[in-house]
Amino acid sequence: MSQTPLLPPELCDQVLDHLEDDKRTLRVCALTARSWLPRAQYHLFRSIYLDWSNCYSFTRLLATNPSIADYVNTLEIEGAFGIFSMDRLHGATLDAWLRAIPPWLPPRLSSLTKLELALLTIDAEIVQRFFGHLHSVKHLTLWACALTTFDVFAELFFALPQLTRLTIAFTQEWEANPHPVSPLRQGQPRPRLEVIELTSSCDNFKVLRWLVAEGLHHSVHTLSCTRVPWAGLSPLGDALSAFAPTLQNLRIGVGDSTTATDLASDNGWTSPTFAPLPALTTLTLDVHTARLSAVPYTLYLLSQLSAPALHDLVFAVKCGEYDTASLIPWKRIAEVSARFAPRLARLLISVRERESAEPELVRVGTRVGIAAVDLEEMERNVRVAFEAQKMGGLVAFEHVVQ
């Protein structure tokens, strides 16, 4: 009786690699053949999401199967947000787990390179017990977290010597510093940041100022600051001057959390100035259809920036309202952009819409049954505006559904 020929292991691995996003099928494959188990586990445990419901199960899993920790590349921990008793209970459950992490667990996560923390209250005890021992992390994300002191952030930062990318989004206002941060030990390596992404209307410029004061900004080549309040353009200009020598990619999104009346009554606010950015090659400016009142400030910034090496100019259009996309002043945008025309290689209009399975809402007083944004009309307006400035050949138009 002839035996069924076995597929080469390399071919089996390629088949499993194609299933990396299909967790259900990977679980079946892991139980199909012993030779398939390592590759299936590699994809199953490469990215781990933890909340109150599965955090203790994760500890038990690593206690009984230590080798699985070698596969964990991304760890996302999400707390609970809300005012109801159940939300508080869930948050307390996760907090208790973080404060009871066994000492053997952090060292086992030696392959971890990406740590995402969301909706957590982080204090010195949690950093010293868990997060501060994840020394292999290269990308740290703090999303809507509350840090009890800024020194807690500094201690966490210095505990991650391989950190190259820092993302802070919607973090609550930084608190005061009642306790001094633990001093950096002699000979302890310092992180060399390359990418910084700030997405918050809070005073995250404090992070930039601290990085500059500590001399931790000299390797940064990519900086993204979105939801910058109008009044925050002056601090942004000050920060950019320190990052200018190495900055190659810059993204700025101006928010409208400050009203024009507030600005007019604030005697301390002055027109911001921006130092030349000699290394900048790509500039991305956000245009949000729900915040078109911020466009004049975006145009002011564009008119003031000096970037002699710029060759890519990107306008990232985020469609948040049905009836305002047609109001984007493309003619004025093209006029201000024309100052970069002689050295530009590409001018990209990237339109992003959120994918939704919900039925389209009925709009009052407008036509019903058409798309939220008329992309053909927008592209036509864009091309007409830039062709008038003899930049039509540079324009590329893309539509991204998120």
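## Helices H2 and H3

Helix H2 crosses helix H3 in a left-handed sense, a crossing being left-handed if the near helix is turned anticlockwise from the far one by less than a right angle, and right-handed if clockwise. Helices (H or I, at least four residues) and strands (E, at least two) are DSSP runs, numbered from the N terminus. This is a predicted model, in which local features need pLDDT of at least 70 and side-chain atom pairs count only at pLDDT 80 or more, while totals for chains, interfaces and linings use all residues. Residues are numbered from 1 along each chain as its sequence is written, and side-chain values use heavy atoms, with hydrogens and water left out.

H2 covers residues 23-30 and H3 covers residues 37-44, and their axes come within 8 Å of each other while crossing at roughly 155 degrees (axes are lines fitted to C-alpha atoms, for helices over the stretch in contact, and angles run from 0 to 180 degrees between N-to-C directions). H2 is therefore roughly antiparallel to H3, since angles over 145 degrees count as roughly antiparallel, those under 35 as roughly parallel, 65 to 115 as roughly perpendicular and the rest as oblique. On the H2 side the contact (heavy atoms within 4.5 Å) is made by Lys23, Leu26, Arg27 and Ala30, and on the H3 side by Leu37, Ala40, His43 and Leu44. Sorted by class, the contact of H2 with H3 has five nonpolar, one polar and two charged residues, where Ala, Val, Leu, Ile, Met, Phe, Trp, Tyr, Cys and Pro count as nonpolar, Asp, Glu, Lys and Arg as charged, and the others, Gly among them, as polar.

## The protein overall

The secondary structure of the protein comes to 14 helices and 14 strands. Of its 402 residues, 43% are buried (buried means under 20% relative accessible area, exposed over 50%, and partly exposed in between, with a 1.4 Å probe and protein chains only). Among the contacts in the protein with a separation of 6 or more, 82% are between residues 24 or more positions apart.

## The sheet

An open sheet of 12 strands runs in the order E1-E2-E3-E5-E7-E8-E9-E10-E11-E12-E13-E14, with parallel pairing; two strands pair if DSSP finds at least two bridges between them. Strand E1 (47-50) and strand E14 (395-401) are at the edges and have a single partner strand each, so one side of each is left without a neighbour in the sheet. On average, and with direction ignored, neighbouring strands of this sheet are turned by 10 degrees against each other.

Within the sheet, strand E10 (residues 249-254) runs parallel to strand E11 (residues 282-288), and four bridges join the two. Asn249 has Thr282 in E11 standing opposite.

Helix H8 (residues 150-158) packs with helix H9 (residues 205-213) at an angle of about 55 degrees, and their axes are 12 Å apart. H8 is therefore oblique to H9, and the crossing of the two is right-handed. H8 contributes Phe150, Phe153, Ala154, Phe157 and Phe158 to the contact, while H9 contributes Lys206, Val207, Trp210 and Leu211. By class, this contact of H8 with H9 has eight nonpolar residues, no polar ones and one charged residue.

H9 also packs with helix H10 (residues 233-243), at an angle of about 30 degrees and with the axes 10 Å apart, and H9 is therefore roughly parallel to H10. The crossing of H9 past H10 is left-handed. Here Phe205, Leu208, Arg209 and Val212 in H9 meet Pro235, Leu236, Ala239, Ala242 and Phe243 in H10, a contact that by class has eight nonpolar, no polar and one charged residues.

## Two buried residues

Ile196 has its place in strand E8 (residues 195-199) and is buried, with a relative accessible area of 0%. Leaving aside neighbours within four places in sequence, Ile196 is in contact with Leu166, Leu208, Leu211, Val220, Thr222, Leu223, Ser224 and Phe243.

Not counting residues up to four places away in sequence, Thr59 touches Trp97, Pro102, Trp104 and Leu105.

## Positive phi in two loops

Most residues other than glycine have a negative phi. Ala144, in the loop between strand E5 (139-143) and strand E6 (146-147), has a positive phi near 55 degrees, and at 16% relative accessibility Ala144 counts as buried. Lys390, in the loop between helix H14 (375-387) and E14, has a positive phi near 60 degrees, and Lys390 is exposed, with a relative accessible area of 78%.
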